[in-house]
Amino acid sequence: MTLRLFNTLSGQLDEVVPADGAELRMYACGPTVYDYGHIGNFRTFLQVDLLRRTLRLFGTRVRHVMNITDVDDKIIRNAAAAGVPISEYTPRFEQAFLDDLASLAVERPEILTRATEHIPQMVSLVERLAARNAAYRTDDGNWYFRLSAFPEYGKLSKKDLDGMTDGARVDVDEYERDSARDFALWKATPPGETGWETAIGRGRPGWHLECSAMAMEFLGESFDLHAGGEDLMFPHHENEIAQSESATGKTFARHWFHVRFLLVNGRKMSKSEGNFFTLRDLLLRGYKASAIRLALISVPYRHQLNFTFDGLDEATSAIDRLRTFAARLRSADLPAGSSLACMAAAARAEEEFRDALAGDLNTAEARAAVFEMVREGNIALDAGQLRSNDRDAMLRVLDDFDAVFAVIADHDAEPTRAAIEWARASGRLDEVAPELLAAQTLTDAEVEARIEERNQARRQRNFRRSDEIRDELASLGILIEDSRDGVRWKRK
Ligand code: AMP
Ligand code: ZN
């Protein structure tokens, strides 16, 4: 089966097939690791996950590269404020990001790659551009891309760009103006600031350059598909195209996949608006990882999605329905054979499910097709009409559904447990829903171990720590009494 997907570059639905006939080479812009990601970010990563899972369901091998932007304006600013080098600042947020992806059942890309580990490739790209007169250095040591060297600039975003002033420059990583400017490839930095000594001078790469260099490093100068959120279309992706194609003379990526925003009350969810939730926020409120995943993927990627708690509740009950049906199927004692109606229901669901995904990843229709089968299957079970072959056929449909949606198999306990652990370690236990804490029962041995830890803190006269442990145990319903002959404890 072949996936047809909207291509921002061509402005139409195009078939997604590997140019080399073997594997689909795709690049997705990864996170800037300066903070925890919000679920708007994760909507984009989830839709990319859905894309790769669908390709694989249809029998296409993928080679998916995702970068980690571990140097940029915001990282440098935050690391400086924290008084640490960026190499000490970013690993924590990179790990948090990877943990969050795992919680959301997002498959690991084949290749994860850090910007700071590809400085030589970035430098040589600047050199190639300079050799073609498409890059120039200013007196302050910065390098810029010469926009007038690339007449096709704007072909991706199709923006009506202001008359281009030759030599007008911009050197911040992010800008949103509808104007074409020479953009920074490389920024000079004085000793003492984050920078690398290179053949083009001391400095650090611009954000756009990072993605071009890493994409070409792992996928070649020309590859199949490039993905990101809709805000990256301009200027980031436009700039990636300009630098890459000016250097190589070849088409950079043939297909451009852009995921529309997650909104809150009609506005983009974003750090700067302050209207965001992280994954951990929602897990600590008691929402399951699977429900968050389903809510973020059920609306097709080309529509903006308004985030609501009702949406999470709806996803929670939808998953419940799917899991209950799957469990019912597996445990039912069924007569041998098959029934015409049930086999037809399964076959129809499978076909509609695949067709919907093949048609521009229409997750809403794909989901509806499977829910229709669940409805029919439940009726047949109630009426005693379901037979063992019907069960096998329906379970196969659920398996295919879950190969892409990944919400029926229940892996919800671990993300919630990890989120509570994280809240505890970062002093945020007050953000945890009481019913979650109550459900967290410690074994006797675990309680004893905590108490021993507290005793040790007391011996070291670290009363802050010992109180912390007492409060933490209290929040788990475990009461401690200090008495003359030691510590006694009991469960509330
Ligand atoms: P960043 O870490 O800011 O570079 O963003 C990581 C990814 O999340 C990028 O592909 C962005 O386009 C995407 N993104 C940011 N905000 C949203 C949002 N509200 N909805 C969907 N995707 C978003
Ligand atoms: Zn990028």
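Ala, Val, Leu, Ile, Met, Phe, Trp, Tyr, Cys and Pro count as nonpolar, Asp, Glu, Lys and Arg as charged, and the others, Gly among them, as polar. By these classes, the lining of the second largest pocket has 3 nonpolar, 1 polar and 9 charged residues. Among the lining residues, Arg 424, Leu 429, Arg 465, Glu 468 and Glu 472 lie nearest the pocket centre.

This is a predicted model, in which local features need pLDDT of at least 70 and side-chain atom pairs count only at pLDDT 80 or more, while totals for chains, interfaces and linings use all residues. Residues are numbered from 1 along each chain as its sequence is written, chains are lettered from A and ligands numbered from 1 in the order written, and side-chain values use heavy atoms, without hydrogens and water.

**Aromatic pairs**

The whole structure holds 18 aromatic pairs (ring centres of Phe, Tyr or the six-membered ring of Trp within 6.5 Å; planes under 30 degrees apart are stacked, over 60 edge-to-face, the rest tilted). Two edge-to-face examples follow.

| Pair | Centre distance | Plane angle |
|---|---|---|
| Phe 45 and Phe 97 | 5.1 Å | 70° |
| Phe 223 and Phe 252 | 5.0 Å | 80° |

Phe 45 lies in helix H1 and Phe 97 in helix H3, so the pair ties together parts 52 residues apart in sequence. Helices (H or I, at least four residues) and strands (E, at least two) are DSSP runs, numbered from the N terminus. Phe 45 and Phe 97 are buried (under 20% relative accessible area, with exposed over 50% and partly exposed in between; 1.4 Å probe, protein chains only). Phe 223 and Phe 252 are both buried too. Tyr 36, Tyr 89, Phe 93 and Trp 422 form one aromatic cluster.

Note on methods:
On a 1 Å grid over the protein atoms alone, a cavity is a set of points where a 1.4 Å probe fits but cannot get out, and a pocket is an open set with protein on both sides within 12 Å along at least five of seven lines; lining residues have an atom within 4 Å of a point.
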